[in-house]
Every structure is written in structure tokens, then in C-alpha cells.
Amino acid sequence: MRVPRAVARFNRHITNPLALALGGWVPTVGSLEHVGRKSGKRYRTPLNIFDTDDGYVILIGYGTESDWVKNVLAEGAATVHKHGKTVQVIDPRILSKAEAAPLVTSARILYRVHPYDEAALVVTARSSSGQSGGFGTTI
């Protein structure tokens with residue numbers, strides 16, 4: 001289910017600040033720090049983020065035309081903040097929710113029942129050597 005853009009505008013001003021403040025209490029809520037592809041400004045977007053063996057699966061609720069998705073794809077990197085960890089991620093790629101499901105290692109039931117079913121962004125944790133892999137590497 002894709003969420004209407006009007007809801008996205010409301011969330012940007014009302015819900016997102018609350019999610020950023022309280023996100024540490026919810027098992028799947030984290031934030032993605034990314035750089036605007038046009039402005040160069042840093043943004044931090046609260047999202048539903050699920051762990052994988054070597055990174056994360058992030059459900060896309062407003063469609064692949066969302067600015068945060070375009071920014072991460074253009075930059076090729078971002079930073080995930082989740083449960084007190086800060087992890088640089090690389091190699092962003094779009095998969096269907098079903099294609100990404102086998103990669104999820106945490107909160108699998110929540111992933112399955114989550115209403116966002118259009119697409120997922122899969123990212124790989126960057127190791128300290130700068131190569132992909134090395135989940136859990138903090139900066």
C-alpha cells in the first residue's frame with residue numbers, strides 16, 4: 001500500500017519530529033541520514049528499518065519517487081541511526097518487499113505484516129576498510 005503524498009506532508013511536519021525523538025523505543029524505527037542531491041543539505045528521516053546479516057532493509061511507504069530514496073540512490077551511501085548505533089551504509093538497491101523478505105533477520109513478523117508492500121531499499125553496512133560487509137561497524 002502506497003501512502004498518499006498529503007500524508008507525507010503531514011508526517012514531515014508533525015509525525016517525523018516525534019518519531020525521531022521517540023524512535024529508540026520501537027524495535028523497527030530508526031533514522032536514515034542522507035545528503036540532498038540538489039541542495040547538499042543533510043537530512044535525517046525516520047523510517048522502518050529491519051536488520052539483515054550485512055546491513056538493513058528499509059521499507060518504502062511513499063513510493064520510489066520520495067526524496068530520501070532518490071538522495072540515497074544518487075549518493076550511493078547514507079548513515080543509519082538505530083538503537084544507539086550509527087552505521088554507514090553503501091550499495092543502495094531497490095527490491096520488492098517480497099524479494100527483500102528473506103534478507104530480514106530481525107522482527108520478521110513485523111516485516112511481513114507491515115502495510116508498506118511496494119518496495120524496499122536494501123543497503124549494506126560499510127566495514128572499517130571501506131568495503132561492503134562488516135555489519136555493526138560504528139562511526
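This is a dialogue on reading side-chain contacts in a predicted model.

Colleague: Where does S31 lie, and is S31 buried or exposed?

Modeller: S31 lies in strand β1, which covers residues 29-35. Buried means under 20% relative accessible area. S31 counts as buried because its relative accessibility is 4%.

Colleague: Which side chain does the side chain of S31 make a polar contact with?

Modeller: The partner is the side chain of R44, at 2.8 Å.

Colleague: How many salt bridges does the structure hold?

Modeller: Start with the general idea. Side chains of opposite charge can pair when their charged atoms come close. The structure holds four salt bridges. One of them joins the side chains of E33 and R42, at 2.7 Å from N to O.

Colleague: Are E33 and R42 buried, partly exposed or exposed?

Modeller: Use the cut-offs again: under 20% is buried, over 50% is exposed, and partly exposed is in between. E33 has 18% relative accessibility, so E33 counts as buried. R42 has 49%, so R42 counts as partly exposed.

Colleague: Which side chain does R37 meet in a salt bridge?

Modeller: R37 meets D67, at 3.3 Å from N to O. This pair links distant parts of the chain, 30 residues apart: R37 is in the loop between β1 and β2, and D67 is in helix α2, residues 67-75. R37 has a relative accessible area of 34% and is therefore partly exposed. D67 is also partly exposed, with a value of 45%.

Colleague: What is the N to O distance in the salt bridge of K82 and D51?

Modeller: The distance for K82 and D51 is 3.1 Å. K82 has a relative accessible area of 6%, so K82 is buried.

Colleague: Which residues form the aromatic pair?

Modeller: A pair of aromatic rings is described by the distance of the centres and the angle of the planes. The structure holds one aromatic pair. Its members are F50 and Y111, with 5.1 Å from centre to centre and 90° between the planes. Planes over 60 degrees apart count as edge-to-face, and the pair of F50 and Y111 is edge-to-face.

Colleague: Where do F50 and Y111 lie?

Modeller: F50 is in strand β2 and Y111 is in helix α4, residues 108-113, so the pair ties together parts that are 61 residues apart in sequence. Both F50 and Y111 are buried.

Colleague: Which residue lies over the face of Y111?

Modeller: That residue is K97, at 5.5 Å from the ring centre of Y111.

Technical notes: Residues are numbered from 1 along each chain as its sequence is written. This is a predicted model: local features need pLDDT of at least 70, side-chain atom pairs count only at pLDDT 80 or more; totals for chains, interfaces and linings use all residues. Side-chain values use heavy atoms; hydrogens and water are left out. Helices (H or I, at least four residues) and strands (E, at least two) are DSSP runs, numbered from the N terminus. Buried means under 20% relative accessible area, exposed over 50%, partly exposed in between (1.4 Å probe, protein chains only). A polar contact is a pair of N or O atoms within 3.5 Å; within protein, one must be able to donate a hydrogen and the other to accept it, and residues adjacent in sequence count only if both atoms are side-chain atoms. Rings of Phe, Tyr and Trp (its six-membered ring) pair if their centres lie within 6.5 Å; planes under 30 degrees apart count as stacked, over 60 as edge-to-face and the rest as tilted. A charge sits over a ring if NZ of Lys or CZ of Arg is within 6 Å of the ring centre and within 35 degrees of the ring normal.
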